[in-house]
Amino acid sequence: RNDFVNGTKKNGDPANSIFELIDNLQKTPNIGPDLEGNIFSSVCRGAREGCLFLKSASTNAGKSRTSVFDACRLAYPKRWSHEKGTFINEINFDEPRQPRKVLFIVTEMDVEEIQTMMLAYLSGVDEAHILTGRYEPGELQRVKFAATIMQEYQGYFLIEEISEPNLVNVEATIKKYATVDGVKYVFFDYIHSTASMMNQFAKNGLREDVILMMMANQLKQIAKDYNVFIFSATQVNAKGMEGDGEFKDES
């Protein structure tokens, strides 16, 4: 009964192996590679495997863009530094940063939109200059060098497009990349309702917010089961952003 009814969950006394836990955390702290934003990354202890990070923001607040930047920071150890005025090799834990395999799942954008964001991040050039092809002196060379960085670390930033995400195809995609391709860091553009997702639960009469919560819970479980880091986002509604400086409620 314990094996087949209760699943694989194990019970035990928390005192067991407690000193081994302390020693292991001293040798290997529970800290992941840095994300964008020193304060945010410090508070979250970086992109930790086995965790789901979920951010909420209003429409056009840059949810996808900032996720692309975070993914780039994990996949590419080189980028332009405005402070130093040159391309730098980033440092992580006093050692050169190692590239990490990243999967970026897009639901509404095409690949070219992602590519220009990546070039802007790595080169430090305004994306509007890249999109219009009108560069200030020195910017075109920086963008082209950023492109060589992407080619140098080819295979570390993987993009998968799912136009109609639901609980089945999102889970299957993440599982495939985690088990076959060895991806440890996953960015799912953002959680939103689709016709495919609503059809899955049309007979059950579930509310939209309940379905979206089920998607978030599923992502959290995948992160734990496959020991991967997952970063996603949700969009708050207009009512939730009403008022200036007022307390934000469940809306």
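**Terms and their grounds**

Guide: The structure holds zero disulfides. This is a predicted model, in which local features need pLDDT of at least 70 and side-chain atom pairs count only at pLDDT 80 or more, while totals for chains, interfaces and linings use all residues. Residues are numbered from 1 along each chain as its sequence is written, and side-chain values use heavy atoms, with hydrogens and water left out.

Visitor: What makes Phe53 and Phe229 an aromatic pair, and of which kind?

Guide: Rings of Phe, Tyr and Trp (its six-membered ring) pair if their centres lie within 6.5 Å; planes under 30 degrees apart count as stacked, over 60 as edge-to-face and the rest as tilted. The centres of Phe53 and Phe229 are 4.9 Å apart and the planes stand at 85°, so the pair is edge-to-face. A search of the whole structure finds 14 aromatic pairs.

Visitor: Why is the pair said to tie parts together?

Guide: Phe53 belongs to strand E1 (residues 52-57) and Phe229 to strand E9 (residues 229-235), so the pair links parts 176 residues apart in sequence. Strands here are DSSP runs (E, at least two residues), numbered from the N terminus. Phe53, at 9% relative accessibility, counts as buried, and so does Phe229, at 0%.

Visitor: What makes Lys176 a charge over the ring of Tyr177?

Guide: NZ of Lys or CZ of Arg must be within 6 Å of the ring centre and within 35 degrees of the ring normal. The charged end of Lys176 sits over the ring of Tyr177, 4.2 Å from its centre. Lys63 likewise lies over the face of Tyr190, at 5.4 Å from the ring centre.

Visitor: Which residues does Met118 touch?

Guide: Contact means heavy atoms within 4.5 Å. Leaving aside residues up to four places away in sequence, Met118 touches Val68, Cys72, Tyr76, Met150 and Phe157.

Key. Helices (H or I, at least four residues) and strands (E, at least two) are DSSP runs, numbered from the N terminus. Buried means under 20% relative accessible area, exposed over 50%, partly exposed in between (1.4 Å probe, protein chains only). A disulfide is a pair of cysteine sulfur atoms within 2.5 Å.
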